[in-house]
Amino acid sequence: MGGLMYKDFVAIKGKRICIILLSAIALLCILRVIFPGGMAEGLEMVFVNDQGIRINTLDLMFVMPYICIIFSIVCFIDMWCARLSEADESCSRIKNYVCSLPVSANSYVASKYVFITIATYVLISLLSITGIVLAAFAEEGYVLDILRMFEVMVLPVTSLLILVASIELPLYILIGREKGNLVKVAIALLFVFVLIGFMLFADMNWLSEKEQFLVKFLNWYTKYQTEVTIASYLTPVIDLVILYLSYRITVFFKARQEA
């Protein structure tokens, strides 16, 4: 299985991604240490908004890239799931290599699931470390509260990544990338129709309220912080069960394809 996982690492250009991602995170953390939140006052980078909330824009300059990295990692996992199966199908040398190995459908499928799980764990660990460094040098206040909220959201993001992999891996492994993408588009369209129906018939008056949505959400998070934290720790466990069920289903149908 180790050889299969290394093949997958090469297929997604893992070395290049590791260099770029680690360099970006290291640069962000180093700049955070050099420019702590306490310097904002001297640099005149503090202002008070219409709601009377004091905002440290120096801290905000570091929080925004962190949030972008969190959401970009979701795109990474989505692309990797497709790339793992595409590399095996598109390159005849890789396909012949896999066919020549004494591996069963179980080992082949397991290598994909294990690789995605390890990659997700490594990426989320990097995010957690980055969040700790950014928070350690941030000034107490509104921006730090936002940062801590997104630190807690790292676990739900992990759950989302695992859930996405649970859906995409069976599609790409069993029916290929092209047909798998068609199924994904169909699911996305169904979700959009449900969302449109909700917006048409649900009470959307809260969108016209003067109070900013982010402020309301932050107040809600502060009020139910304990419950949100507990739920964020439980959801990855549930998604791991879903991932295992997805793996067993994929192995079953993959073995029938090869029979």
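Student: How many helices and strands make up the secondary structure of the protein?

Tutor: The protein has 9 helices and 2 strands. Helices (H or I, at least four residues) and strands (E, at least two) are DSSP runs, numbered from the N terminus. This is a predicted model: local features need pLDDT of at least 70, side-chain atom pairs count only at pLDDT 80 or more, and totals for chains, interfaces and linings use all residues. Residues are numbered from 1 along each chain as its sequence is written, and side-chain values use heavy atoms, with hydrogens and water left out.

Student: In what order do the elements run from the N terminus?

Tutor: The order is α-α-β-β-α-α-α-α-α-α-α.

Student: What percentage of the residues of the protein count as buried?

Tutor: Buried means under 20% relative accessible area, exposed over 50%, and partly exposed in between (1.4 Å probe, protein chains only). Here 37% of the 259 residues are buried. The accessible surface comes to about 15,300 Å². Carbon and sulfur atoms hold 71% of that surface. Areas come from the Shrake-Rupley method with a 1.4 Å probe; for residues, only the protein chains shown count as cover.

Student: Which residues have the most contacts inside the largest nonpolar core?

Tutor: A nonpolar core is a set of buried Ala, Val, Leu, Ile, Met, Phe, Trp, Tyr and Cys residues joined through side-chain atoms within 4.5 Å. The largest one has 53 residues, and Tyr66, Trp80, Ile116 and Leu127 have the most contacts inside it. Helices H2 (14-34), H3 (57-90), H5, H6 (142-152), H7 and H9 (225-258) each supply at least two of its residues. H3 gives the most, with 14 residues.

Student: Take Tyr66. Which residues is Tyr66 in contact with, leaving aside neighbours within four places in sequence?

Tutor: Contact means heavy atoms within 4.5 Å. Tyr66 meets Leu28, Leu127, Thr130, Gly131, Leu134, Leu147, Phe150, Glu151 and Val154. Across the protein, take contacts between residues at least 6 apart in sequence: 78% of them join residues at least 24 apart.

Student: How many of the residues of H6 are buried?

Tutor: H6 is mostly covered, with 8 of its 11 residues buried. The buried ones are Tyr142, Val143, Leu144, Ile146, Leu147, Met149, Phe150 and Val152.

Student: What does Val143 touch, not counting residues up to four places away in sequence?

Tutor: Val143 touches Ile55, Asn56, Asp59, Leu60 and Val63. Val143 has a relative accessibility of 3%, so it counts as buried.

Student: Now charged side chains. Is Glu168 buried or exposed?

Tutor: Glu168 is buried, at 4% relative accessibility. Glu168 lies in helix H7. Its contacts beyond four places in sequence are Ile77, Asp78, Cys81 and Lys184. From Glu168 to Ser246 the C-alpha separation is 9.6 Å, and the two are 78 residues apart in sequence.

Student: And Lys254: buried or exposed?

Tutor: Lys254 is buried too, with a relative accessible area of 14%. Lys254 belongs to helix H9. The C-alpha atoms of Lys254 and Val109 are separated by 8.1 Å, though the two are 145 residues apart along the chain.

Student: Which residues make the nonpolar surface patch?

Tutor: Like charges are joined within 9 Å, nonpolar side chains (Val, Leu, Ile, Met, Phe, Trp, Tyr) within 5 Å. Here Val185, Leu189, Phe191, Val192, Phe193, Leu195, Ile196 and Leu200 make a nonpolar patch of about 800 Å². One of them, Leu195, is in helix H7 (residues 154-201). Leu195 counts as partly exposed because its relative accessibility is 41%.

Terms used: Patches are made of residues with over 30% relative accessible area and no salt bridge: like charges are joined within 9 Å, nonpolar side chains (Val, Leu, Ile, Met, Phe, Trp, Tyr) within 5 Å. A salt bridge is a side-chain nitrogen of Lys or Arg within 4 Å of a carboxyl oxygen of Asp or Glu.
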